[in-house]
Amino acid sequence: MFIKNAWYVACTPNEIDGKPLGRQVCGERIAFYRGAEGKVAAVEDFCPHRGAALSLGFVENGNLVCGYHGLTMGCDGKPVSMPMQRVGGFPCVKSYPVIEKYGFIWVWPGDPDKADESLVPSFHWENNPEWAYGGGLFHVKCDYRLIIDNLMDLTHETYVHTDSIGQEEIDESPVNTQVDGDSVITSRYLEGIKPPAFWQFALKQNGADPDADVERWQESRFSPPSHVLIDVGVAHVGKGGINAPQKHKARSIIIDFITPETETTTWYFWGMARNFNPQDTALTGNIQKEHKRIFMQDVDVLEAQQRNLEANPGRRLLMLNIDSGGVQARRIIERLVKQEQEEEGANSAA
């Protein structure tokens, strides 16, 4: 179940530097590469000659050359040339709207006529010297909606991330869920607590007292098709919480771009933007390494969960109040998928 008429993160720019990249997005096999003047392009990863993967070829003069028999394809999916052949009657392959923006390559796997660049989400920390960013990519063997569930309910931190961001007080604090149009926000606030290990480290890196009592916030926001941004941080008690002066807090935005590959596999682009000590590139690298370790703990849980669900398709699962964020996000996905299907059906009948 995928929303097709939306922008998904397909890859990072470095993944297509020098050679094409084959990646499946929402069930669509796509070849990404840099065409004329380095502009990113995306076409169906299928050579119309013998069905070879175009992504295994190479780029020449801004066109994609199949590495099997040399059929050259244009960025629009039309055959351009082939040794000893006239290609005028050759079939075209599908091309996809694609944009390079905010440090990512975005693809629109649905109706190209509906692709609107203004719908690519924007980020206030992009090219902002007061923020630093580091992230990475996981290939996760689970339904992408399980990752959304995981990020919309951070109760699991107490048990999965005990040595970094977890603490018992999370369990003791109620979670609030709000639906705002096609977005869902879950939030939790903790007061008068000791910061867990990672946030002690973060406060120290910002020159703030790591041992003082803090207020802690967690605000997860889901936006279609499958993006989750989480505003998290700690601030010294009595200094204003999330709005505290910079010297009294450590704050970051956890970036989660969740791109379905198939019904049971996902490309998970993760990262953290922070506004404490942003000029320290070594710190960025250390935090990136630590967050990779933390997220790997989630991956282990999610992949085992997927295996269990596949082995027990008839088992009924509990739905608790802490699950409300994920439940609401799934309802939005279901509604938008149904809406797309109805529109496609109406267009086919017309």
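Biologist: Which helices each supply at least two residues of the lining of the largest pocket?

Modeller: This is a predicted model, in which local features need pLDDT of at least 70 and side-chain atom pairs count only at pLDDT 80 or more, while totals for chains, interfaces and linings use all residues. Residues are numbered from 1 along each chain as its sequence is written, and side-chain values use heavy atoms, with hydrogens and water left out. A pocket, on a 1 Å grid over the protein atoms alone, is an open set of points with protein on both sides within 12 Å along at least five of seven lines, and its lining residues have an atom within 4 Å of a point. With helices (H or I, at least four residues) and strands (E, at least two) taken as DSSP runs numbered from the N terminus, the elements that each supply at least two lining residues are helix 1, helix 2 (157-160), helix 4 and helix 5 (324-349).

Biologist: What is the volume of the largest pocket, and which helix gives the most to its lining?

Modeller: A volume is the space filled by probe spheres set on the grid points, which are joined across faces, edges and corners. On that basis the largest pocket holds about 1,100 Å³. Of its 31 lining residues, L146, D149, Q305, L317 and R330 lie nearest the centre. The greatest contribution, 6 residues, is that of helix 4.

Biologist: How many residues in the lining of the largest pocket are charged?

Modeller: Ala, Val, Leu, Ile, Met, Phe, Trp, Tyr, Cys and Pro count as nonpolar, Asp, Glu, Lys and Arg as charged, and the others, Gly among them, as polar. By class, the lining holds 12 nonpolar and 9 polar residues, and the number of charged residues is 10.

Biologist: At what angle do the axes of helix 1 and helix 4 cross, and which class of orientation does that make?

Modeller: Axes are lines fitted to C-alpha atoms, for helices over the stretch in contact, and angles run from 0 to 180 degrees between N-to-C directions. These two axes come within 10 Å and cross at roughly 130°. Angles under 35 degrees count as roughly parallel, over 145 as roughly antiparallel, 65 to 115 as roughly perpendicular and the rest as oblique. Helix 1 is therefore, relative to helix 4, oblique.

Biologist: Which residues of helix 4 does helix 1 meet?

Modeller: Contact means heavy atoms within 4.5 Å. The contact comprises 4 nonpolar, 3 polar and 1 charged residues. From helix 1 come L146, I147 and N150, and they meet D298, L302, Q305, Q306 and L309.

Biologist: How is helix 3 oriented relative to helix 4?

Modeller: Helix 3 includes F198, F201 and Q205, which meet L283, I287, E290 and H291 in helix 4. The axes lie 13 Å apart, and the packing angle is about 175°. Because of that angle, the orientation is roughly antiparallel.

Biologist: How much space lies in the largest cavity, and which helix supplies the largest share of its lining?

Modeller: A cavity is a set of points where a 1.4 Å probe fits but cannot get out. About 210 Å³ of space lies in the largest one. Among its 19 lining residues, L154, E157, I165, I254 and F295 are closest to the centre. The largest share, 4 residues, is provided by helix 4.

Biologist: Which strands each supply at least two residues of the lining of the second largest cavity?

Modeller: This cavity has a volume of about 40 Å³. Its lining consists of M152, L154, V175, T186, S187, R188, Q218, E219 and S220, of which 3 are nonpolar, 4 polar and 2 charged. The strands in question are strand 13 (183-193) and strand 14.

Biologist: Which strand gives the largest share of the lining of the second largest pocket?

Modeller: About 630 Å³ of space lies in this pocket. Its lining has 29 residues, with P121, R221, S223, P224 and H227 nearest the centre. The largest share, 5 residues, comes from strand 15.

Biologist: Is the peptide bond from P224 to P225 cis or trans?

Modeller: P225 is found in the loop between strand 14 and strand 15. Most peptide bonds are trans. From P224 to P225, omega is near 5°, and the bond is cis.
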